[in-house]
Amino acid sequence: MTRILIAGIAALMLTACDGSTITNGPPPKTDGPPNPMEAKIDALPPALQQTTMFRAIQDGGFTCQKIVQMKKRTPTVGKAIWDAECDDQGRYVIELQPGGIFWVSGVPQPKKRF
């Protein structure tokens, strides 16, 4: 009985390692209506776009004194994404959420202490 159980577990482990992905539920929607805030940001001059992303980084609690490079990426799951690099070598990914809210993740800069 133990050998059958071990063989069954080994077979399940090998099946899990086939490189395929298992997803539960429907795939994420990517064809929803465009975020009106994205269109407003795209219409801004580059300096104001950088100011918008700078504020998002600062509001996220990250240290950044000036954005030296910024680039818009291809949308992911229908959300606009920008990459920004600050003068202190901090790199940030800024994702526009519904309702005009930004999610900011950063490397390697630490968050400010409040």
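A nonpolar core is a set of buried Ala, Val, Leu, Ile, Met, Phe, Trp, Tyr and Cys residues joined through side-chain atoms within 4.5 Å. The exercises below use this term for a model that is predicted.

**Exercise 1.** Find which residues of the largest nonpolar core touch the most other members, and which element gives the largest share of this core.

*Solution.* Begin with the core itself, which has 16 residues, and among these Met-53, Ile-57, Ile-67, Trp-82, Ile-94 and Val-104 touch the most other members. Next, ask which elements give two or more residues to this core; they are H3, E1, E2 and E3. The largest share comes from E2, with 4 residues. As general background, nonpolar side chains in soluble globular proteins tend to be buried together. Finally, take Ile-67 as an example: when its neighbours within four places in sequence are left aside, Ile-67 is in contact with Gln-50, Met-53, Phe-54, Ile-57, Ala-84, Glu-85 and Cys-86.

**Exercise 2.** Work out the order of the strands in the sheet, and explain why one side of E1 and one side of E4 are left without a neighbour.

*Solution.* The sheet is open, and its 4 strands follow the order E1-E2-E3-E4 with antiparallel pairing. Strand E1 (67-76) and strand E4 (101-107) stand at the edges and have a single partner strand each, so one side of each lacks a neighbour in the sheet. From one strand to the next, the twist averages 20 degrees. To look at one pair in detail, take strand E3 (residues 91-97), which is joined to E4 by 7 bridges; here Tyr-92 stands opposite Gly-106 in E4. Helix H3 (residues 46-59) lies across E1, strand E2 (79-86), E3 and E4, and runs at about 85 degrees to E1.

**Exercise 3.** Decide whether Glu-38 counts as buried or exposed, and name the residues that Glu-38 touches.

*Solution.* Glu-38 lies in helix H2 (residues 36-43). Its relative accessibility is 14%, and because buried means under 20%, Glu-38 counts as buried. Not counting residues up to four places away in sequence, Glu-38 touches Lys-72, Ala-80 and Leu-96.

Terms used: Residues are numbered from 1 along each chain as its sequence is written. This is a predicted model: local features need pLDDT of at least 70, side-chain atom pairs count only at pLDDT 80 or more; totals for chains, interfaces and linings use all residues. Side-chain values use heavy atoms; hydrogens and water are left out. Two strands pair if DSSP finds at least two bridges between them. Axes are lines fitted to C-alpha atoms, for helices over the stretch in contact, and angles run from 0 to 180 degrees between N-to-C directions. Contact means heavy atoms within 4.5 Å. Buried means under 20% relative accessible area, exposed over 50%, partly exposed in between (1.4 Å probe, protein chains only).
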